[in-house]
Amino acid sequence: MSSWSRPQDVVEKALAASTADGQVAFVVESSEANLRWAKNSLTTNGAMRSRQVVVVSFVDGGAGMAAGTVARTGNPDVEELVAASEQAARDAGPAEDAVPLVGEAPPGAGDWDADPAETSIGVFRDFAPALGEAFGGARDRDELLFGYAEHAMATTYLGTSTGLRLRHDQPSGRVELNGKSGDMSRSVWSGVGTRDFADVSVAGLVADVQRKLGWSQRRVELPAGRYETLLPPSAVSDLMIYTYWTMEARDADEGRNVYARAGGGNRVGERLAALPLTLRSDPFEPGLEACPFQVVSGSSGSASVFDNGMAAPAVEWISGGVLANLIRPRAWALRTTAPATAAVDNLVLEQPGATASLDEMVAATDRGLLLTTLWYIREVDPQTLLLTGLTRDGVFLVEGGEVTGAVNNFRFNESPVDLLGRITQAGRTERTLPREWNDWFTRAAMPTVRVPDFNMSSVSPAS
């Protein structure tokens, strides 16, 4: 890749080659390192680099502004890419989300002239030896460790024909650790998200796995039904991410999602949570930093190519239990005289003053279930945001304030929006790794929550 043009130069070359009425060009320079292991042995490790070049051209054919996007990987012919993008715009009809391109630089524009940030296998310099020690301990206990660690660095350079030159470095990392008994009859999970692996404790992950394997030694079969349930931060994040992804103002205004108000309009201003919970995003949230401006290759209900470079500031989606904002591109904001609101690539759920730990919430439970994670989550009904999915890698029975064993897995049916109204306790908020969605979303902080009647709709044979 050293013989390739600098990503900034690719953007400038694309903008210079444009004959369209407007253009956005961006390059994402990525590097990744990973480790994978199975049965207490490292199986693979690797590092890779890649580049994506995206050109969005805007052409006014007389009936209105149209947009055309073309993307290439590697080191493409920039002039050909620009020409293809302009042709795509000419072939497209007028864009319903057309607005003037953004011309004002947002906060956090970054150092345009600096080289891309990179990661390498060296990011695991402390993690890998600690993992080796963990393998030895697991063998001594007749336990098996499986899992992987990944770290990626993506640097985005975005330029526009209106003069914007924006750059953002996005590190992201994750560790998933599965622990199994020697006979493979018991399986548990622990995971963590990280920016740089400096804050990852292998010993802490292994201790969590050990404790859950210990809990799993006793097996209890339970029928389907509604149970008082403690959902740990990972499970809460997977539900809240779905809640967030569906917060499109247009769908709500047109009656197509759970945020639509009966009789017309949306539910902004309506209380959704019984507790004073706040669901928010902030690109400058410590430890969860994300891009503070929009980078969009294709328009949708939650983003517009015309909004490239638009500031994505901190926003409260649910404030003190009340729905406060929905995701709204500028074009839809103008049509509805509502504020334009950009999505941010992180999510935090918190209750002011909540300090209870998971162990303290377990101790306060007379009888109920403690989940580990959820998976295979699918939408059943967008009007209520009814979801279905399965429990995974440890559902535990709590009796008299103590975990007394593991129970069978379940299929659940719940709407996370409805769930917000039934949460009776939220613990302290802590960084977590979503289990289901971490291929797309790793920056989350959530509390453990207590639901008095979580719907385990059927027993699952999954193990």
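By salt bridge I mean a side-chain nitrogen of Lys or Arg within 4 Å of a carboxyl oxygen of Asp or Glu.

A quick word on the model. It is a predicted one, where local features need pLDDT of at least 70 and side-chain atom pairs count only at pLDDT 80 or more, while totals for chains, interfaces and linings use all residues. Residues are numbered from 1 along each chain as its sequence is written, and side-chain values use heavy atoms, with hydrogens and water left out.

Now, the domains. The assignment gives domain 1 (7–213) and domain 2 (218–462); such bounds come from an automatic or database domain assignment. Their centres, taken over C-alpha atoms, are separated by 23 Å. Domain 1 brings 44 residues to the contact and domain 2 brings 40 residues, where contact means heavy atoms within 4.5 Å.

How much area do the two domains bury between them? About 3100 Å², with 61% of it on carbon and sulfur atoms. Buried area here is the accessible area (1.4 Å probe) that two parts lose on being put together, summed over both. On the domain 1 side, Asp97, Val99 and Trp189 lose the most area to domain 2, together 19% of what that side buries.

Across this interface the rule finds five salt bridges. It also finds 16 residue pairs in polar contact, both residues at pLDDT 80 or more. A polar contact is a pair of N or O atoms within 3.5 Å; within protein, one must be able to donate a hydrogen and the other to accept it, and residues adjacent in sequence count only if both atoms are side-chain atoms. Among the elements giving two or more residues to the domain 1 side are β1 (22–38), β2 (41–60) and β3 (65–73). The largest share of that side, ten residues, comes from β5. Helices (H or I, at least four residues) and strands (E, at least two) are DSSP runs, numbered from the N terminus.

Two strands pair if DSSP finds at least two bridges between them. β1 and β2 pair in the antiparallel sense over 17 bridges, and they form a hairpin with two residues between them, where Lys39 in the turn has a positive phi of about 50°. In this pairing, Val27 stands opposite Val53 in β2. Glu29 and Arg51 also meet through their side chains in a salt bridge (2.7 Å, N to O). Glu29 lies in strand β1 and Arg51 in strand β2, so this pair ties together parts that are 22 residues apart in sequence.

Val53 has Arg72 as its bridge partner in β3, while Val55 stands opposite Val70.

Finally, over to the other end of the chain. UniProt, in an unreviewed entry, places "domain: Metalloprotease TldD/E C-terminal" at residues 225–457. An open sheet of six strands has the order β11-β10-β9-β12-β21-β20, with mixed pairing. Which strands are at the edges? They are β11 (322–323) and β20 (430–432), each pairing on one side only. Within the sheet, three bridges join β9 (residues 278–281) to β10 (residues 315–319), which run antiparallel, and Arg280 stands opposite Glu316 in β10.

Definitions and conventions:
UniProt positions renumbered as here; feature names shortened; annotations may be inferred.
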